[in-house]
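Please look over the model below before reading on.

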Amino acid sequence: MNLSGLSGSPSIYVIPKGQGSVLKHVLVFNNFGKSKELLRLPRKSDWAGFAQRCVVRRTPLLRCAMDASYGNSSDESADIFPRINVKDPYKRLGISKEASEDEIQGARNFLVQRYIGHKPSIDAIESAHDKIIMQQFYDRKNPKINIKKKVREVTQSKVMLAITSRFRTPSTNFIVKTSIAFVILGALTVLFPTEEGPTLQVAISLIATMYFIHDRLKNKLRAFLYGAGTFILSWLVGTFLMVSVIPPIIKGRRSLEVTTSLISYVLLWVSSTYLR
């Protein structure tokens, strides 16, 4: 090859035949600008093969799109959902059965983003989410009373919290002491009823209530107010229950007074033991 007065040996350039190649030829240069074999133009058969290889196939593209969205299921490096085999849909998503719709949707979105590279994990998460949504839809169409939920709503209401805040649990010895005192009063009331009713036992119960409240709170005024108020309330509640709700339990001339006294003893014991 001659270039600016310089000479060189012939060069051979071979274009290999491959999947994307349509030409195969050899160029041998003896002199600069001259070739022993010129570029061979492609035949019609070459163009036909090239066109056939350039046909766009939709199935592989669709498969690639799915792999990009969900991850290749054959990828062993992808994280696997640890609760993939848990049958309970709530436990599979890691939520309680009382979870709201926002909590359910949030758990589903978090897990899908976390395990998006493993398609069986995504299927398990979506299946659990669909089961929960369908179950809630069925429950709305066929409502039933959930006793546990109702009890929880009542106990967590503002009124109940305000009431329970007025009580506290004392020591075990104090509970035993008050229990023995009111059990003895109840036994005396049942065993020795009088014509005037259990007046003496009722008076003793009032004094015992004030004593026990003062023993816990160390406040005479509060002991008097709590004891008198509880005594009046207990007798009103006991009378109402015996007249309107509870049938006569003890037979006799003073069965109403005796039973009402027993009910009031229970309320007085609660107030003297747990009222704060």
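This is a predicted model: local features need pLDDT of at least 70, side-chain atom pairs count only at pLDDT 80 or more; totals for chains, interfaces and linings use all residues.

1. Salt-bridge count. How many salt bridges are there? The count comes to six. The points that follow take up some of these pairs.

2. Arg108 and Glu126. These two residues form a salt bridge, with the closest N and O atoms 2.4 Å apart. The pair links distant parts of the chain, 18 residues apart. Arg108 sits in helix α4 (residues 101-114), and Glu126 sits in helix α5 (residues 119-141). Glu126 has 22% relative accessibility, so Glu126 counts as partly exposed. The cut-off matters here, because buried means under 20%.

3. Lys119 and Asp123. A second pair joins the side chains of Lys119 and Asp123, at 3.4 Å from N to O. Both residues belong to helix α5. They are four residues apart, about one turn of the helix. Lys119 is partly exposed because its relative accessibility is 29%. Asp123 is partly exposed too, with a relative accessible area of 40%.

4. Asp215 and Lys218. Here the closest N and O atoms of the salt bridge are 3.4 Å apart. Asp215, at 23% relative accessibility, is partly exposed. Lys218, at 61%, counts as exposed. Why does Lys218 count as exposed? Its relative accessibility is 61%, and exposed means over 50%.

5. Lys218 lies in the loop between α9 (199-217) and α10 (220-245). Please inspect this residue in the viewer.

6. Positive patch. Which residues form the positive surface patch? They are Arg166, Arg168, Arg222 and Arg276. Arg276 lies in the segment after α11 (255-274). With 35% relative accessibility, Arg276 counts as partly exposed.

7. Nonpolar patch. Val176, Ile180, Ile184, Leu188, Val190, Leu191 and Phe192 form a nonpolar patch on the surface. Together they have about 640 Å² of accessible area. Val176 is found in helix α8 (residues 172-191). At 42% relative accessibility, Val176 counts as partly exposed.

8. Where does the record place a transmembrane region? An unreviewed UniProt entry lists residues 174-192, 198-214, 223-246 and 258-275 under "transmembrane region". Two of these spans can be set against the model. Residues 174-192 are 95% helix and 0% strand, and their end C-alpha atoms lie 27 Å apart. Residues 258-275 are 94% helix and 0% strand, with end C-alpha atoms 25 Å apart.

Note on methods
Residues are numbered from 1 along each chain as its sequence is written. Side-chain values use heavy atoms; hydrogens and water are left out. Helices (H or I, at least four residues) and strands (E, at least two) are DSSP runs, numbered from the N terminus. Buried means under 20% relative accessible area, exposed over 50%, partly exposed in between (1.4 Å probe, protein chains only). Patches are made of residues with over 30% relative accessible area and no salt bridge: like charges are joined within 9 Å, nonpolar side chains (Val, Leu, Ile, Met, Phe, Trp, Tyr) within 5 Å. Accessible areas come from the Shrake-Rupley method with a 1.4 Å probe; for residues, only the protein chains shown count as cover. A salt bridge is a side-chain nitrogen of Lys or Arg within 4 Å of a carboxyl oxygen of Asp or Glu. Lys and Arg count as positive and Asp and Glu as negative; His and the chain ends are not counted. The place of a charge is taken as NZ of Lys, CZ of Arg, CG of Asp or CD of Glu. UniProt positions are given in the numbering used here, feature names are shortened, and annotations may be inferred rather than shown by experiment.
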